[in-house]
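The sequence and structure are shown first.

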Amino acid sequence: MAATKVLAAGALHGVHGRSIFLKQTFSIKQKALCLAKPKRLFTCRALYTPKVQIKEEGQPETLDHRVFFVDNSGKKVSPWHDIPLQLGDGVFNFIVEIPKESSAKMEVATEEPYTPIKQDTKKGKLRYYPYNINWNYGLLPQTWEDPSHANVDVEGAFGDNDPVDVVEIGESRAKIGQILRIKPLAALAMIDEGELDWKIIAISLDDPKASFVNDVDDVEKHFPGTLTAIRDWFRDYKIPDGKPANKFGLGNKAASKDYALKVISETNGSWTKLIKRSVLAGELSLV
């Protein structure tokens, strides 16, 4: 039996011929607004509360388990295509696929209608990381790493045909399908078997340290060792399975917030071309 969980209330913007406009509301019980440095004022809630629900079909850790997103009428929508990317003031939506301190390799099923979240498989078996991931992990909606585009900054590597990944470094453990408002802080250019797989380092606006971190140097100051730990985790996680370590471009270092924003802008542009059918979608679902 499918289980349904209400995430929260807000606004959902559709694409490719349909738009869903829903009233945005905020709970008076939420914490005080998170303020950044005077140069950058963030008055948004970290928990983006669109009037969408998650509807689980099948049991967790089974091959048929899916986490769908539905609007308030019960219609399925795509977390990849229908959740807006940008919220203004440098704030973006982040969809959690893998909660921190868990190992089931959950991901948006980009080739299935409405792109639900499912557990990845290999040779018919569910995939798990060899050890827990230490941060909330997921995707930026409305982004796409174009596999036909060679990035001249990163050894000419081509995109991995997926949405852009986010590593959220805040202290709270999120839930699968949760939508958080985040601000990007840095970017890691991971090269996985020759494909470019960006990792945007970000923080939830509800995190107690969110107002203190606004760029890559702030991460090292307030979360010492975290950037190195993230790089090393993603470099080494395939080694226990007998595969070589992943590589990183850009001098093996995390790039700045401005560079991360450039990556987000470019991959959002690639997604726009994809959703308008200006480029071939292949097996990808556009609904």
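## Aromatic cluster

In this predicted model, ring pairs connect Tyr 129, Tyr 131, Tyr 137, Trp 233, Phe 234 and Tyr 237 into a cluster. Across the whole structure, a search finds eight aromatic pairs. One of them joins Tyr 129 to Tyr 237 in an edge-to-face arrangement, with 5.3 Å centre to centre and 90° between the planes. Tyr 129 belongs to strand β12 (residues 128–133), while Tyr 237 is in the loop between α2 (226–236) and β19 (247–248), so this pair ties together parts that are 108 residues apart in sequence.

Tyr 237 also pairs with Trp 233: the ring centres are 5.4 Å apart and the planes lie at 20°, so this pair is stacked. The planes of a stacked pair are under 30 degrees apart, whereas those of an edge-to-face pair are over 60. Tyr 129 is buried at 7% relative accessibility. Tyr 237 is likewise buried, with a relative accessible area of 8%, and for Trp 233, also buried, the value is 7%.

## The buried side of helix α2

Two members of the cluster, Trp 233 and Phe 234, are among the buried residues of α2, which include Thr 226, Leu 227, Ile 230 and Arg 231 as well. These residues cover an arc of only 160° around the axis, and are therefore on the same side of α2.

## Strand β16 and its partners

Strand β16 (residues 165–168) directs Asp 165 and Val 167 one way and Val 166 and Glu 168 the other way; all of these residues are buried. Strand β16 pairs with strand β13 (residues 136–139) through four bridges, and the two run antiparallel. In β16, Asp 165 is the residue opposite Leu 139.

Strand β16 is also joined by four bridges to strand β18 (residues 195–204), and here the strands run parallel.

## The largest pocket

The largest pocket has a volume of about 750 Å³. Its lining comprises 30 residues, and those nearest its centre are Lys 105, Glu 107, Asp 120, Asp 160 and Asp 162. Two or more lining residues come from each of β6 (91–98), β8 (106–108), β13 and β18. Of these elements, β13 and β18 are the strands described above as partners of β16.

## Lysines over aromatic rings

The charged end of Lys 262 is placed over the ring of Tyr 259, at 5.0 Å from its centre.

## Positive phi angles

Most residues other than glycine have a negative phi. Asp 89 is not a glycine, yet it has a positive phi of about 55°. Asp 89 is located in the loop between β5 (86–88) and β6.

Leu 250, again not a glycine, has a positive phi of about 55°. Leu 250 occupies the loop between β19 and α3 (257–275). At 27% relative accessibility, Leu 250 counts as partly exposed, because buried residues are those under 20% and exposed residues those over 50%.

How values were computed
Residues are numbered from 1 along each chain as its sequence is written. This is a predicted model: local features need pLDDT of at least 70, side-chain atom pairs count only at pLDDT 80 or more; totals for chains, interfaces and linings use all residues. Side-chain values use heavy atoms; hydrogens and water are left out. Rings of Phe, Tyr and Trp (its six-membered ring) pair if their centres lie within 6.5 Å; planes under 30 degrees apart count as stacked, over 60 as edge-to-face and the rest as tilted. Buried means under 20% relative accessible area, exposed over 50%, partly exposed in between (1.4 Å probe, protein chains only). A charge sits over a ring if NZ of Lys or CZ of Arg is within 6 Å of the ring centre and within 35 degrees of the ring normal. Two strands pair if DSSP finds at least two bridges between them. The arc is that of the directions from the helix axis to the C-beta atoms. On a 1 Å grid over the protein atoms alone, a cavity is a set of points where a 1.4 Å probe fits but cannot get out, and a pocket is an open set with protein on both sides within 12 Å along at least five of seven lines; lining residues have an atom within 4 Å of a point. Grid points are joined across faces, edges and corners, and a volume is the space filled by probe spheres set on the points.
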